[in-house]
Amino acid sequence: MPFAKPFVDNLANEIDLNQIDYVIANHAEMDHSGALPELMRRIPDKPVYCTANGVKSLKGRYHADWNFKVVKTGDKLSLGRNELVFIEAPMLHWPDSMMEYLTGEAILFSNDAFGQHYASEHMFNDLVSPSELVEEAIKYYANILTPFSPLVTKKINEVVALNLPVKAICPSHGIIWRDNPLQIAQQYFQ
């Protein structure tokens with residue numbers, strides 16, 4: 001939140017904010033949504049896609065009644081050639097959590113799942129030390145997701161059972177998994 005204005009100013013330097021068609025809110029925790037009030041102040045009528053619990057969390061946190069569009073697992077949002085398919089992921093690691101799968105590109109936007117508290121100038125798993133990355137992913141899981149392990153296992157099994165191609169997993173924290181991206185899911189089961 002302390003960086004909301006500079007963040008949105010930087011975003012506005014990259015794209016006319018009026019060209020934003022919608023906002024996807026995977027999770028209302030401050031590290032995910034802290035700049036949302038500033039962004040929505042500038043584009044107040046744009047729809048905000050989130051879970052029903054996401055609406056409750058965002059309204060409770062920001063006391064705002066934005067143009068919320070509630071989505072459930074399996075709901076889709078057309079992006080032209082591709083679609084975003086929404087996947088509710090409650091308690092990974094909050095009740096409002098969700099993920100998206102981008103068809104055509106085969107990208108899973110996994111929110112807090114498969115993340116790390118790890119920063120690098122290199123964005124992808126094949127460009128950083130594999131042992132360091134796995135160590136950081138293990139620490140992240142231990143600190144963030146361990147209390148919800150049965151739910152994590154159940155949700156991962158649900159997503160894997162869809163048998164969708166996955167070319168990349170983009171977590172909200174840390175490095176993007178593009179080389180053998182499902183290796184992190186396998187690590188979660190060990």
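Alanine 106 sits in the loop between β6 and β7 (107-111), and in this predicted model alanine 106 counts as buried because its relative accessibility is 4%, which falls under the 20% limit for that class. Although alanine 106 and leucine 164 are separated by 58 residues in sequence, their C-alpha atoms are 7.6 Å apart in space. Once neighbours within four places in sequence are set aside, the contacts of alanine 106 are Tyr101, Pro165, Val166, Lys167 and Ala168.

**Nonpolar cores**

- The largest nonpolar core comprises 28 residues, and those with the most contacts inside it are Leu108, Phe114, Leu145, Val152, Trp177, Ile184 and Tyr188.
- At least two residues of this core come from each of β5 (83-88), β6 (98-102), α5 (130-145), α6 (149-161) and α7 (183-188), and α5 gives the most, with six residues.
- Another core, of 20 residues, lies apart from this one and has Ala4, Leu17, Ile20 and Met40 among its members.
- Tryptophan 177, with neighbours within four places in sequence left aside, is in contact with Phe114, Gln116, Asn125, Leu133, Ala137, Lys167, Ala168, Ile169, Pro171, Gln183 and Ile184.

**Helix α5**

- Helix α5 has 16 residues and reaches 21 Å from its first C-alpha to its last, which is close to the 22 Å expected at 1.5 Å a residue.
- Leu133, Glu136, Ala137, Tyr140, Tyr141, Ile144 and Leu145 are the buried residues of α5, and because they cover an arc of only 140 degrees around the axis, they lie on the same side of the helix.
- The cover over these buried residues includes α6 and α7, whereas on the other side of α5 Ser131 and Asn143 are exposed.

**Helix α4 and the residue that follows**

- In helix α4 (residues 52-62) the buried residues are Gly54, Val55, Leu58 and Tyr62, and they line one face of the helix because, seen down the axis, they fall within an arc of 100 degrees.
- The packing partners of the buried residues of α4 are α2 (30-33), α3 (36-42), β2 (47-50) and β3 (67-70).
- Histidine 63 follows α4 and lies in the loop between α4 and β3; its phi is near 50 degrees, a positive value in a residue other than glycine.
- With a relative accessible area of 70%, histidine 63 is exposed.

**The three-stranded sheet**

- Three strands form an open sheet in the order β1-β2-β3, with parallel pairing, and the edge strands, β1 (23-24) and β3, each pair on one side only.
- The parallel pairing of β2 and β3 runs over four bridges, and valine 48 stands opposite phenylalanine 68 in β3.

- Methionine 91, in the loop between β5 and β6, has a phi near 70 degrees, a positive value in a residue other than glycine.
- Methionine 91 counts as partly exposed, at 23% relative accessibility.

Definitions and conventions. Residues numbered from 1 in each chain as written. Predicted model: local features only at pLDDT ≥ 70, side-chain atom pairs only at ≥ 80, totals over all residues. Heavy atoms only, no water. Buried < 20%, exposed > 50% of the residue type's maximum accessible area, 1.4 Å probe, protein only. Arc of directions from axis to C-beta. Contact = heavy atoms within 4.5 Å. Core = buried A, V, L, I, M, F, W, Y, C linked by side-chain atoms within 4.5 Å. Expected span 1.5 Å × (residues − 1). Pairing = 2+ DSSP bridges.
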